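Let's take a friendly walk through a few local features of this model. Have the sequence and the coordinates open as you read.

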Amino acid sequence: MVSQPNPVTTERGSGPIVAGLPMPEFHRIGVKPISGACGCEISGVDLRRPLDDETLAEVMKAFEHFLVILFRDQDLTPEQHKHFSRYFGEITELPQAPIYDGHRDMQEVRREAHEPENVVPSFEHFHTDSPFLLQPPKCVVMRALEVPQWGGDTAFSNAYLVYEHMSDGLKALLDGLQVVYSGKDIWAKNAKLAPEKRLRLRESHDFTEDELENIHPAVRVHPVTGRKALFATTAYFKRFVGWSEEESRALLAYLQSLAQHLHYHCRVKWKKDTLIVWDNRFTLHRGVHDFQYERRHLVRTTVIGERPLGPSDLMRS
Ligand code: MN
């Protein structure tokens, strides 16, 4: 038995619902939802040029609402890619992700035609990127350089909807939980694997050991709207604070299964020069490695987010 979703009330009133809330209005840009759960395709914007205030405000409104925004045919230089990314915040390097073509503040996701699917850290499950950082990424801006003829999509799951469909009892349990996330052991674990099973990781970085492990709330609260979402996934997960690893894994496996439900998802079909921005705070994602013997090459920037707020932070303020 699950409770009814409890959508955040908005000033806009009622209208067609998409991504859990009434569909906003757009005047400057074209916005077409990809699914009922999250994601939209935006048209009428050239990301090579600076955006005027009104267009930028609508792009941000689409990002806030749909969590995944997609633009086609954006043939950007690395500088143009970074410039657009900075509208969302400060960009950062990551300790574990390989850098792109000498740009320390860009990462690449690359699988060569001859390589097995495990070479890129797609993980077995939906995940959020780099949750072990004190301020995990707000969003990722990713662009396709080369894609397979078929397959190689990226799938997203709306973590607000996952939370909103839980029973009040489970919500109350999770509202009080915190998660230990750690990226400390990924290099050691990788080195133990057979060479053909290893991930492609960055070989050196300037992050300290302490920067690679942090505790965050299991339910994340949007700093402006107060809307709540599940923020607990298997990648880099160690345990819930105060729980044994065995207990933690059992609950986590159930939570992870919820994110699999198709009615929380959208899937992005990449083409060359497709650019997407996804909210890494309130969605989970995974690459779909259903292609063989073809190259897939994506470049990305990572925008720093706020330190995750939990339900108790909301009550204190
Ligand atoms: Mn990822």
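Ser130 is buried, with a relative accessible area of 1%; buried means under 20%, exposed over 50% and partly exposed in between, using a 1.4 Å probe and protein chains only. Ser130 sits in the loop between strand 8 and strand 9, and its phi is positive, about 50°, although it is not a glycine. Most residues other than glycine have a negative phi.

Asp73 also has a positive phi, near 55°. Asp73 is exposed, at 65% relative accessible area, in the loop between strand 5 (68–71) and helix 2 (78–85). Helices (H or I, at least four residues) and strands (E, at least two) are DSSP runs numbered from the N terminus.

This is a predicted model: local features need pLDDT of at least 70, side-chain atom pairs count only at pLDDT 80 or more, and totals for chains, interfaces and linings use all residues. Residues are numbered from 1 along each chain as its sequence is written, and side-chain values use heavy atoms, with hydrogens and water left out.

## The manganese ion

Which protein atoms are donors of the manganese ion? They are His127 (NE2), Asp129 (OD) and His285 (NE2), 2.2 to 2.3 Å from the ion. Donors are N, O and S atoms within 2.8 Å of the metal (3.2 Å for Na, K and Ca); water is not among the atoms, so sites may look incomplete.

His127, in the loop between strand 8 (103–111) and strand 9 (137–146), and His285, in strand 18 (residues 283–287), are 158 residues apart. Both histidines are buried.
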